[in-house]
Amino acid sequence: MKYSEVVEDLKNMVYKWDNIQKVCDYVILAAVLWESSDIHIEPLSSYVRLRYRLDWELREILEYQNFLHSWIVARFKIMSDLKIDESRVPQDWRISTTIEWKSLDLRVSTLPTVHWEKVVMRIVDKSKKIPKLTDLWIEWRNLRLIQKAIAQPNGVILTSWPTWSGKSTTLYSALTDLNKIDVNIMTLEDPVENQVDGINQSQVKPDIWYTFAYWLRTALRQDPDIIMVWEMRAKETVDIAIEASLTWHLVLSTIHTNNSAETITRILNMWVQPFLIPASVNIIIAQRLIKKLCPHCKKPLDLKSLWKDTIDNIKNAINITDKAELLERVWAEKLKAPTFYGPVWCDKCDNMWYKWRVWIYEVLDITPWVKEMILSGSSAFNINIQAIKEWMISLEQDWIIKALNWLTSLEEVYRASKSQNA
């Protein structure tokens, strides 16, 4: 079935107050066919709207009358084994189903609002294989640094991220590479998004005090070689993770910061002693997701039409980048006469110009110079400058390199750059 046909049928069913069970099935089916990541069902004052998230952006699909909403919410609660008669507090669980030959997990979350309950469903395609690190557009020096870090028997590997930056994929890809018969891997996740054979996965349950810190203390009694903690949220978790790394464990985790250098400041703000950071941390990864140009509807861009500031930013980013890195990641012919591509209208991508996403990475290696700066209390800004001098590829540089390789547009590069730095 085609996405447009399913949406048209869904609109007709809602208009005719048709079979609610079929309506709910078609809500999920349309999202899957459109390759959406989330379904939002939101009650407003005079109507309810259905929106899908595709490549970060929420897009409205249809609206329906309020009186249908309680039936639709009840149906999704039945499907996910939630309490139908409880609408005062949030609830969450999951639906396991198969649609279009795809094995899916839908993480269902309900939230009371002033009008009625809002429902959000995150779609996880279990039929998709976890990609290898080499498939994530982590190229040359960045890839070598990550591979070197995960090959170490101990230390901490941190991924800094805002929401929607692809950190789950990076962590699972690293764990898949590490998943061998002779190692014991343990994870605590919130929630468990992908179940991987050979890895001992557990889910946080704060309502019974099964927290990250409590699990970490317990996990260290389970003879682990590699530990993955979903998020460094509190000082106690950071302290135990650093202690685990110093006692010959490899620890992977995430932390909320804007870039790799700011992660150091964030850890220090948790009252961690400065000397413990260079002693325990292997690398810090900052990453983002940026929209990928549809391969069927991209066209060369006239550089004369670009703003002078844009041209200057591109030149600065290229000039500061290690020439060997550029030659490795960008064809020499492209560097002689840089060409950038932009989107045009196209039926292949439903006239949306972009199709899926590309990973952008910044990998901070804890070099001797960076260690000295951490111990001397240098600012995140100065650490970032020093790291770039030592050939760290910044997020902006990696964005531009992706644009030089015709994977994305300059418009998307600077739109994403502004939104991430806001």
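Trainee: With which residue does Glu42 form a salt bridge whose closest N and O atoms are 2.8 Å apart?
Mentor: This is a predicted model. A salt bridge needs a side-chain nitrogen of Lys or Arg within 4 Å of a carboxyl oxygen of Asp or Glu. Glu42 meets that limit, with its closest N and O atoms 2.8 Å apart, and the partner is Arg51.

Trainee: Is Arg51 buried or exposed?
Mentor: Buried means under 20% relative accessible area. Arg51 has 16% relative accessibility, so Arg51 counts as buried.

Trainee: Which strands hold Lys118 and Glu42?
Mentor: The side chains of Lys118 and Glu42 meet in a salt bridge, at 3.4 Å from N to O. The pair links distant parts of the chain, 76 residues apart. Lys118 is in strand β6 and Glu42 in strand β1.

Trainee: Which residues are linked with Glu42 in a network of salt bridges?
Mentor: Glu42 forms a salt bridge with Arg51, and Lys118 also meets Glu42 in one. The network linked with Glu42 consists of Arg49, Arg51 and Lys118.

Trainee: Which strands stand at the edges of the open sheet of six strands?
Mentor: The order of this sheet is β3-β2-β1-β6-β5-β4, with antiparallel pairing. Two strands have a single partner strand each, so one side of each is left without a neighbour in the sheet. The edge strands are β3 (57-64) and β4 (91-99).

Trainee: What angle does the direction of helix α1 make with that of β3?
Mentor: Helix α1 (residues 3-15) packs on the sheet, where the helix touches β2 and β3. Its direction and that of β3 make an angle of about 35 degrees.

Trainee: How far from Glu189 is the nearest side chain of opposite charge?
Mentor: Glu189 is found in strand β8 (residues 185-189). Glu189 is buried yet has no salt bridge. A salt bridge requires atoms within 4 Å, whereas the nearest side chain of opposite charge, Arg94, is away by 8.1 Å.

Technical notes
Residues are numbered from 1 along each chain as its sequence is written. This is a predicted model: local features need pLDDT of at least 70, side-chain atom pairs count only at pLDDT 80 or more; totals for chains, interfaces and linings use all residues. Side-chain values use heavy atoms; hydrogens and water are left out. Helices (H or I, at least four residues) and strands (E, at least two) are DSSP runs, numbered from the N terminus. Buried means under 20% relative accessible area, exposed over 50%, partly exposed in between (1.4 Å probe, protein chains only). Lys and Arg count as positive and Asp and Glu as negative; His and the chain ends are not counted. Two strands pair if DSSP finds at least two bridges between them. Contact means heavy atoms within 4.5 Å. Axes are lines fitted to C-alpha atoms, for helices over the stretch in contact, and angles run from 0 to 180 degrees between N-to-C directions.
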